[in-house]
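Visitor: I would like to learn how the words used for a structure follow from its numbers. Please take me through some of them.

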Amino acid sequence: MKSSDVLSDAYKRIGSSVAQVLKGLGPTELNRRPGGTGNSIAWLVWHLSRIQDDHVANAAGLEQVWTSQGFADRFGYPLDPADTGFGHTSRQVSSVKVDSGELLLAYHRAVLEQTLAFIRPLDGADFDRIVDESWKPPVSLGVRLVSVIGDCLMHVGQAAYVRGLPVE
């Protein structure tokens with residue numbers, strides 16, 4: 001199995017988990033903030049999708065799906081189109097709401113499609129390319145792709161946890 005196949009499988013698993021956590025939820029469940037200040041399922045799924053979109057598009061030299069496919073306009077959030085949710089205040093988290101999980105899922109699937117199209121042709125040498133020199137040591141493509149997987153898995157796990165919490 002090639003490295004790109006392993007990475008593709010991991011990203012597909014994130015996508016499956018996102019679909020599962022969103023399945024059958026209405027706006028109340030999607031936008032509920034545990035304890036009144038925790039991250040909602042809507043915010044967690046939006047954020048993990050934005051991070052994947054931002055980081056992979058940057059490494060691939062592509063425009064983000066968020067803007068290239070009009071998702072920023074379709075969501076209509078009062079946020080800068082470059083915003084990924086990193087460092088959001090409680091007020092900003094509250095601004096990320098949805099009427100259903102369909103748009104969230106459509107966005108995540110479009111990000112996954114772009115991610116897989118980028119990853120499929122990669123081979124061993126591609127993963128050594130430096131994509132971010134602002135870190136010490138500089139970040140290679142392989143490290144960036146794995147770090148995005150880790151971040152997305154943590155956030156989709158958090159969303160699944162929130163889904164299972166009793167209603168307050």
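Visitor: What do the buried residues of α7 pack against?

Guide: In this predicted model, they pack against α1, α3, α4, α5 (71-75) and α8, where contact means heavy atoms within 4.5 Å. Local features here need pLDDT of at least 70, side-chain atom pairs count only at pLDDT 80 or more, and totals for chains, interfaces and linings use all residues. Residues are numbered from 1 along each chain as its sequence is written, and side-chain values use heavy atoms, with hydrogens and water left out.

Visitor: Which residues of α7 are buried?

Guide: They include Leu-104, Leu-105, Tyr-107, His-108, Leu-112, Phe-118 and Ile-119. Buried means under 20% relative accessible area, exposed over 50%, and partly exposed in between (1.4 Å probe, protein chains only).

Visitor: What span does α1 reach?

Guide: Helix α1 (residues 3-22) has 20 residues and reaches 29 Å from its first C-alpha to its last, close to the expected 28 Å. Its buried residues include Ser-4, Leu-7, Tyr-11, Ile-14, Val-18 and Leu-22.

Visitor: How is a pair of packed helices described?

Guide: By the angle between their axes and the distance between the axes. For α1 and α7 the angle is about 175 degrees, and the axes are 10 Å apart.

Visitor: What makes α1 roughly antiparallel to α7?

Guide: That angle does. Angles run from 0 to 180 degrees between N-to-C directions, and axes are lines fitted to C-alpha atoms, for helices over the stretch in contact. Under 35 degrees counts as roughly parallel, over 145 as roughly antiparallel, 65 to 115 as roughly perpendicular and the rest as oblique.

Visitor: Which residues meet where α1 packs with α7?

Guide: Among them are Leu-7, Tyr-11 and Val-18 in α1, and Leu-105, His-108 and Leu-112 in α7.

Visitor: Why is Val-96 called buried?

Guide: Because its relative accessible area is 1%, and the limit is under 20%. Val-96 lies in the loop between α6 (90-94) and α7. Leaving aside neighbours within four places in sequence, its contacts include Trp-43, Trp-46, Tyr-77 and His-88.

Visitor: Is Gly-61 counted as buried or exposed, and why?

Guide: Gly-61 has 66% relative accessibility, so it counts as exposed. Gly-61 is found in the loop between α3 and α4 (65-68), and just after α3 it takes a positive phi of about 70 degrees.

Visitor: What makes α3 mostly covered?

Guide: In α3, 16 of its 20 residues are buried.

Terms used:
Helix = DSSP H or I, 4+ residues; strand = E, 2+ residues; numbered from the N terminus. Expected span 1.5 Å × (residues − 1).
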